[in-house]
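Keep the sequence and the structure open side by side as you read.

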Amino acid sequence: MDKITAVKGIKDILPSETPGWQKVETTARAIFERFGFHEIRVPIMEKTALFQRSIGEATDIVEKEMYTFRDRDEELLTLRPEATACVIRAYVEHNLASAEPVTKLFTIGPMFRRERPQKGRYRQFHQIDVEVFGDDTPASDAEVIFMLMHFLDVAGVENLSLEINSLGCKDCRPGFSRAVVAYLGQFQDGLCPDCQRRLTTNPLRVFDCKVEACGRIISDAPRILDHLCPECLDHFDRVKGFLDDLNLEYAVNSNMVRGLDYYTKTAFEVKSGKLGAQNSLAGGGRYDGLVALLGGPDVAGVGFGIGMERLLTCLPDTEENVGKTDIFVAALGTRALKFAFKLTGLLRRSGFTAATDYSGKSLKSQMKRADKMQSAFTLIIGDSEMDSGRAVLRNMKTKNQQDLLLESLPEALINILKSEVIL
Ligand code: HAM
């Protein structure tokens, strides 16, 4: 029979890789807790309208990257392409605003975007996503950015660059959009067909275009920072001031607009030279007005998402001491196998990593297996040992062997393992 493979652009996370994932997740939980964040777990499937309304109809994600399908009752559902909208939906639905004036949440899990797969870009990928609701201050933006950079530092990522920008607000952005349309209008024929269309649907998305000719045109486009209203300008200056207070290095990139429509004021991205073409490791920003747009209270919001796959490729390879076995029970013969079955169960209940082999293979092949499992000890027990009432315990490192009485075997083993193995 031919084999059925995984879906294109969707990867397994193999046992050799999971320790790295777990370490990153544990670090995230520990650091975020220090900053007052709580974990929320939201579904991977939502009503399509949630993403259409929040991310924006005329974005690449909504126009061409969402996995959307009709459920059996005709309802339109989508596998989440990002988590911000889902977290807001839950925050509103469960009235979390009533519990605390400022709500700090994070979630970790898979997202789905039907992009062209390449290194660092997958159709199912994972994000660590952080959101703060109810704080409109520049200090909140800087605190979130600080937490992101601190986490990446503790996780072990080096050579990062932080870029920031302000995307203005509903008062000043329309003026900027008009200036961009007027400027791009002069070069309309030189733009790619997508950008020509974007001129009328969503002009700021032209800044995101990867086509070289569009990039050249956009490099001389009006700068949003020259169009900010006094309030947005003041907000941006104060964010920069707080980042300076924390000694965080950053570059202002006035062409960075982010790929989702909901951002207002501060936007930021973290890049790594280690990532190649898909060099954005994390991105986020402020999105005041989005919670209200999704039917909630008019509270401010700010957050970020980190790509887990990309984060893991930025980490140096470390050899983990994982999956080591405290004791391997090599059993030979029917009675010995039954004994080994009971004994390994008892040792596992006592907190040790115990393994055995039920196949009845030769002692040589069982010892090989114990070696492969990096077992600290091997207990050798055959039917003749069952008769003599003694089993042999071998220290796999020193090669020392000792006889142990079967009648007091569990207690004796537990004592030896306790003194030799750190639980
Ligand atoms: P985003 O920039 O679309 O933002 O995604 C955040 C991160 O997810 C990216 O920097 C990247 O590392 C990773 N990522 C995105 N697409 C892929 C992909 N196809 N394959 C692998 N990794 C990918 C958001 O999603 C916002 N919701 C972030 C946010 C939270 N803003 C405010 N709060």
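Start at Gln127, which lies in strand β6. Helices (H or I, at least four residues) and strands (E, at least two) are DSSP runs, numbered from the N terminus. Residues are numbered from 1 along each chain as its sequence is written, and side-chain values use heavy atoms, with hydrogens and water left out. The model is predicted: local features need pLDDT of at least 70, side-chain atom pairs count only at pLDDT 80 or more, and totals for chains, interfaces and linings use all residues.

Gln127 is buried, with a relative accessible area of 10%. Buried means under 20% relative accessible area, exposed over 50%, and partly exposed in between (1.4 Å probe, protein chains only). Setting aside residues up to four places away in sequence, Gln127 touches Ala83, Thr107, Ile108, Gly109, Met111, Arg113, Gly305, Ile306 and Met308. Contact here means heavy atoms within 4.5 Å.

Move on to Arg113, one of the contacts of Gln127. Arg113 sits in the loop between β5 (103–112) and β6. Is Arg113 buried or exposed? Arg113 counts as buried, at 15% relative accessibility. Beyond its neighbours within four places in sequence, Arg113 is in contact with Ile61, Glu65, Tyr67, Pro81, Glu82, Tyr122, Arg123, Phe125 and Gln127. Look at Pro81 in particular: its backbone oxygen lies 2.8 Å from a polar side-chain atom of Arg113. A polar contact is a pair of N or O atoms within 3.5 Å; within protein, one must be able to donate a hydrogen and the other to accept it, and residues adjacent in sequence count only if both atoms are side-chain atoms. Thr78 is 35 residues from Arg113 in sequence and 10 Å away in space, C-alpha to C-alpha.

Now turn to the ligand. Which residues come nearest? Of the 27 residues around the ligand, they are Glu82, Thr84, Glu115, Glu131 and Tyr263. A residue is near a molecule or strand if one of its heavy atoms lies within 4 Å of it. Strands β6 (124–133), β10 (280–286) and β11 (301–307) each supply at least two residues of the shell. By type, the shell divides into 10 nonpolar, nine polar and eight charged residues. In this count, Ala, Val, Leu, Ile, Met, Phe, Trp, Tyr, Cys and Pro are nonpolar, Asp, Glu, Lys and Arg are charged, and the others, Gly among them, are polar.

Next, the polar atoms at the ligand. A ligand nitrogen is 2.9 Å from an N or O atom in the side chain of Thr84. A polar side-chain atom of Ser280 lies 3.0 Å from a ligand oxygen. A polar backbone atom of Leu281 is 3.0 Å from an oxygen atom of the ligand. On its own, the ligand has 660 Å² of accessible area, and the protein covers 96% of it. Accessible areas come from the Shrake-Rupley method with a 1.4 Å probe; for residues, only the protein chains shown count as cover.

Then look at the nonpolar packing. In soluble globular proteins, nonpolar side chains tend to be buried together. A nonpolar core is a set of buried Ala, Val, Leu, Ile, Met, Phe, Trp, Tyr and Cys residues joined through side-chain atoms within 4.5 Å. The largest core here has 91 residues, and Phe32, Phe151 and Ile306 touch the most other members. Helix α5 (residues 138–155) gives the largest share of this core, nine residues. Phe32 touches Phe37, Phe106, Ile128, Val130, Met147, Phe151 and Phe304, not counting residues up to four places away in sequence. A second, separate core has 23 residues, including Ile381, Leu393, Ile414 and Leu417.

Finish with two backbone angles. Most residues other than glycine have a negative phi. Asn247 is not a glycine, yet has a positive phi of about 60°. Asn247 is found in the loop between α9 (230–245) and β8 (251–252), and is exposed, with a relative accessible area of 71%. Arg258 also has a positive phi, near 70°. Arg258 is placed in the loop between β8 and β9 (264–272), but is buried, with a relative accessible area of 11%.
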